[in-house]
Amino acid sequence: MADSSFDIVSKVERQEVDNALNQTAKEISQRYDFKGVGASISWSGEKILMEANSEDRVKAVLDVFQSKLIKRGISLKALDAGEPQLSGKEYKIFASIEEGISQDNAKKVAKIIRDEGPKGVKAQVQGDELRVSSKSRDDLQTVIALLKGKDFEFALQFVNYR
């Protein structure tokens, strides 16, 4: 019988982020506490730019955006938001969406699988994802449960389970 396998990835659907951004923009245009503070959120290349005329208002825009991401099923571990910066009269926050598992993080996950996972489970780093394979599907499900129980500083998804 052939080996069963699955891939561990860290990906975010750009469309879902775009939807969350548009919902946030709509909410801050309608909410009373954002009237007259110049609050806005938009794409700036690959980054997300949030602006307002005070530090607490720009943090409130970030908070609204984070709540919209959660509602859309996107982990906040994928959002890398900077600190508010004063730019003229405006405060700005630049945020980026982290995708892909770095080599160091992939090695950490592979080590956890080797050390704590069932015997006979192999983990190979393939670019920005990790392929986990085993003869037993039960072992693969044990590995998924093990990794879901751990707290990593990046978001994990399990795909191509076969």
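1. Lysine 68 lies in helix H2 of this predicted model, where helices (H or I, at least four residues) and strands (E, at least two) are DSSP runs numbered from the N terminus. Lysine 68 is buried, with a relative accessible area of 11%; buried means under 20% relative accessible area, exposed over 50%, and partly exposed in between (1.4 Å probe, protein chains only). Leaving aside its neighbours within four places in sequence, lysine 68 is in contact (heavy atoms within 4.5 Å) with Ala20, Gln23, Thr24 and Glu27.

2. Some conventions apply throughout. The model is predicted, so local features need pLDDT of at least 70 and side-chain atom pairs count only at pLDDT 80 or more, while totals for chains, interfaces and linings use all residues. Residues are numbered from 1 along each chain as its sequence is written, and side-chain values use heavy atoms, with hydrogens and water left out.

3. The secondary structure of the chain comes to 4 helices and 9 strands. From the N terminus on, the order of the elements is β-α-β-β-α-β-β-β-α-β-β-α-β. The radius of gyration of the chain is 20 Å, well over the 15 Å that the globule rule gives for 162 residues, so the chain is more spread out than a compact globule. That radius is taken over C-alpha atoms, and the globule rule is 2.2 Å times the number of residues to the power 0.38. Along its principal axes the C-alpha trace spans about 65 × 25 × 25 Å.

4. Of the 162 residues of the chain, 38% count as buried. Among contacts in the chain with a separation of 6 or more, 62% are accounted for by residues 24 or more positions apart. The accessible surface comes to about 9,300 Å², of which 47% belongs to carbon and sulfur atoms; accessible areas come from the Shrake-Rupley method with a 1.4 Å probe, and for residues only the protein chains shown count as cover.

5. The largest nonpolar core has 23 residues, of which Val17, Phe34, Ile41, Ile48, Met50, Phe65 and Leu69 touch the most other members. A nonpolar core is a set of buried Ala, Val, Leu, Ile, Met, Phe, Trp, Tyr and Cys residues joined through side-chain atoms within 4.5 Å. Two or more residues each come from helix H1 (14-30), strand S3 (47-52), helix H2 (55-71) and strand S6 (90-97). H2 gives the most to this core, with 7 residues. Apart from this core lies another, of 18 residues, among them Phe6, Val109, Val121 and Leu130.

6. Isoleucine 41, not counting residues up to four places away in sequence, touches Leu21, Thr24, Ala25, Ile28, Ile48, Leu49, Met50, Val61 and Phe65. Aspartate 18 is in helix H1 and is partly exposed, with a relative accessible area of 23%. Aspartate 18 and leucine 69 are 51 residues apart in sequence and 9.6 Å apart in space, C-alpha to C-alpha.

7. An open sheet is formed by 4 strands in the order S7-S8-S1-S9, with antiparallel pairing; two strands pair if DSSP finds at least two bridges between them. S7 and strand S9 (157-159) stand at the edges, each with a single partner strand, so one side of each is left without a neighbour in the sheet. The twist averages 25 degrees from one strand to the next.

8. Strand S7 (residues 122-126) and strand S8 (residues 129-134) run antiparallel and are joined by 5 bridges. Their hairpin has 2 residues between the strands, and glycine 127 takes a positive phi near 65 degrees there. Strand S1 (residues 4-9) also pairs with S8 in the antiparallel sense, over 5 bridges.

9. Serine 133 is in strand S8. It is the bridge partner of lysine 122, and serine 5 stands opposite serine 133 as well. Serine 133 is buried, with a relative accessible area of 9%. Residues up to four places away in sequence aside, serine 133 touches Asp3, Ser4, Ser5, Gly120, Val121, Lys122, Gln124 and Leu140.

10. Helix H3 (residues 103-116) lies across S1, S7 and S8, running at about 20 degrees to S8. Helix H4 (residues 137-149) lies across S1, S8 and S9, running at about 20 degrees to S1. Axes are lines fitted to C-alpha atoms, for helices over the stretch in contact, and angles run from 0 to 180 degrees between N-to-C directions.

11. Asparagine 160 is in the segment after S9. Its phi is near 55 degrees, a positive value in a residue other than glycine. Asparagine 160 is partly exposed, with a relative accessible area of 39%.
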